[in-house]
Amino acid sequence: MAPTDEVILEVRDLVKHFPLTQGILFKRQIGAIKAVDGVSFDLHRGETLGVVGESGCGKSTLAKLLMALERPTSGSVKINGRDMARARGGELKRMRRNVQMVMQDPYTSLNPRMTVGDIIGEPFEIHPDVAPKGSRARKVQELLEVVGLNPDHINRYPHQFSGGQRQRIGIARGLALQPEIIICDEPVSALDVSIQAQVINLLERLQDEFNLAYIFIAHDLSVVRHISDRVAVMYLGKIVELGKDTEIYDRPAHPYTQALLSAVPVPDPEGRQNRERIILQGDPPSPANPPSGCRFRTRCWKAQDICATEEPLLQIRPGTSHESACHFAESHDVVHSA
Amino acid sequence: MSDIRPVGPAHPETEQDAPADAQVTAVGVPEAPPLQERPEQPDAVPVKPKGRRDKPASLWSDAWYDLRRRPLFLGASVLIAVLLVMAIFPQLFTSIDPYDAKTCVLANARQDISAAHWFGTDNQGCDVYARTIYGARNSIVVGVSTTVVTALVGGLLGLIAGFRSGATDTLLSRTTEIFFAIPPILGALLILAMFRTGNVWTVMLALAVLAWPMTFRIMRAAVITAKNQDYVMAARALGAGPWRIMFRHILPNSIAPVIVVATINLGSFIAAEAALSFLGVGIRSPDISWGLMIAEARDRFLEAWEPLLFPAFMLSLTVLAFIMLGDAVRDALDPKLR
């Protein structure tokens, strides 16, 4: 796993607002759910960027925007310099070859009426120029072997496999077009913990083998730390902190990240008593009507007047080594503090 | 989703996850050493019940396997097979051709059961047994053709409405509501009154016009469910076009309820044909229909019960056979009932 400096995915000011409408015949917009609201980051070749955040912070919407399954309200998603968010028709179809997806639930992401061979072979049918007709069955068997499944099971149906095996089928489908980027939207959260380890190891092995870049979306901080080179923390549609995994986990600067990390279970009864536990008050505000200024200020213990008036930008703050979006950012090791 | 997997003694998940419990904490601990890659057992596929070949098990093959073991299905199938032979080759069952006017001798009117006339004779002196046998064809033709037409029209429009949604859906759904508002028998009477003649095709048309909205609704609901499944999103992410998504992913996953309803409705269409012929607007003399025979025999029922009861019994038996078949198919295709 050797991330290079070459940027293959460049996301700038990505915004997705879902309109809220009222009325049956004459619909008028009364507001918008600001699911993703100004997200920018780069992804380098061979790198894994972890995206963490609580439910409803816009992680999955971000994944759909990156896959061009949703059209952004504004902003750009550039893959190798070309904007996927603006691409249409044949151009979009060609660009899709570079970005593929591994989905959360292996029980719903495979068509139950198709054989494994048809599921993994479908990318070749949609993009016939990737593999000539005669070689497809062999290619599918190669892919099955790559993800650690028996190539003889090409004619079986998804329900004949276990959850972990199904997720491997989903990964094989994602690999078929030889993409440079794979977006993993909670790829292991529907699996048993023991199977999670296998699937994560498989993803790491494939990354080495094919020099893949991952966007790894999860709410399990330990899993994200295990696989990621860099981590982005999202809160209410925005990235609040972005840095190398060691920076985020050992020297978190944003109060939200600190609170998030303090909630990670520690598998050590002794250490558990020593660590700091930050308990946030209240629920996340509605993304239809986010707070002014800093979105986290309603639950932040550091909040002052400036937080309500001025929105903190994602930048490197004095005394910290990586980008964070807080006026009062300050490195603070939550996990190891006594 | 997983409930369509056949029940077998070896449950894949429990079997192979148990020894991996030792790794459970591995993901939870940050900076854990690389985990042991332990590929899942390739043969961890549910053991198939005896007598099933080692072929891919799809919903349809599972359903077929299930159906062959149902006495209800076997009974209905035998009955329907006999009825189909009766409809196609009535001369196998009787040497009398009831369409030949010479076989009716008015002097023999309203005779009792005898060796020459197994079911007696009717008001015109025609052989009731021969007429009952020959009546099967019209009933079956109306039932099958109406079912096919409603399934095709309702199914196709339902597929389009569910898939396209928006204005197309609104237009089609409101149109079906108009048809739902028409009382069925009154509607069929009105439609058939427009024709000077009555035969199987006019009856089929009247029934199909009134019955397609039901298939439409079932198809539309099934399509909307299937459309939001993850595998459809995965296909879109691969760059699949709308035709591929509709016919490769959505249709195979939404057709089962339509087939069930179509099979059950087939019996109702046969009953409706008899009702309309009884009322004098369906199939008309000299054509033969069970409904028509019942109508002709009802005035003299106390003098001769045979011309009424035998066709009525055949009608009931046919309707029952198709409804039983529909029930068996529904049970086999609905995995939740297994």
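This is a predicted model: local features need pLDDT of at least 70, side-chain atom pairs count only at pLDDT 80 or more; totals for chains, interfaces and linings use all residues.

Stop 1: Show chain A as a cartoon and pick out the open sheet, which is built from eight strands. Going across, the order reads β6-β7-β8-β3-β9-β10-β12-β11, with mixed pairing. Now select 99-102 (β6) and 315-316 (β11) of chain A: these are the edge strands. Each pairs with a single partner, so one side of each has no neighbour in the sheet.

**Stop 2: strand β7.** Next, select residues 181-185 of chain A, which make up β7. Is this strand buried or exposed? Five of its five residues are buried, so β7(A) is largely enclosed by the rest of the structure.

**Stop 3: the partners of β7.** On one hand there is β6(A), which runs parallel to β7(A) and is joined to it by four bridges. To see one of these pairings, click V99(A) and I181(A), which are bridge partners. On the other hand there is β8, residues 213-217 of chain A, also parallel to β7(A) and linked to it by five bridges.

How does the chain get from β7(A) to β8(A)? Select residues 193-210 of chain A: this is helix α6, and the chain passes through it on the way, making a right-handed β-α-β crossover.

**Stop 4: annotated spans in chain B.** Select 140-163 of chain B: the span is 100% helix and 0% strand, and its end C-alpha atoms lie 33 Å apart. Then try 254-283 of chain B, where the chain is 83% helix and 0% strand, with 35 Å between the end C-alpha atoms.

**Stop 5: a helix pair.** Finish by selecting residues 200-227 (α8) and 242-278 (α10) of chain B. Their axes come within 9 Å and cross at roughly 160°. The two helices, α8(B) and α10(B), are therefore roughly antiparallel to each other, and their crossing is right-handed.

Note on methods
Residues are numbered from 1 along each chain as its sequence is written. Chains are lettered from A and ligands numbered from 1 in the order in which they are written. Two strands pair if DSSP finds at least two bridges between them. A residue is buried if 20 or more other C-beta atoms lie within 10 Å of its own, exposed if 12 or fewer, and partly exposed in between; C-beta atoms are placed from the backbone. A crossover is right-handed if, with the strands pointing away from the viewer, the path from the first strand over the helix to the second runs clockwise. Axes are lines fitted to C-alpha atoms, for helices over the stretch in contact, and angles run from 0 to 180 degrees between N-to-C directions. Angles under 35 degrees count as roughly parallel, over 145 as roughly antiparallel, 65 to 115 as roughly perpendicular and the rest as oblique. A crossing is left-handed if the near helix is turned anticlockwise from the far one by less than a right angle, and right-handed if clockwise.
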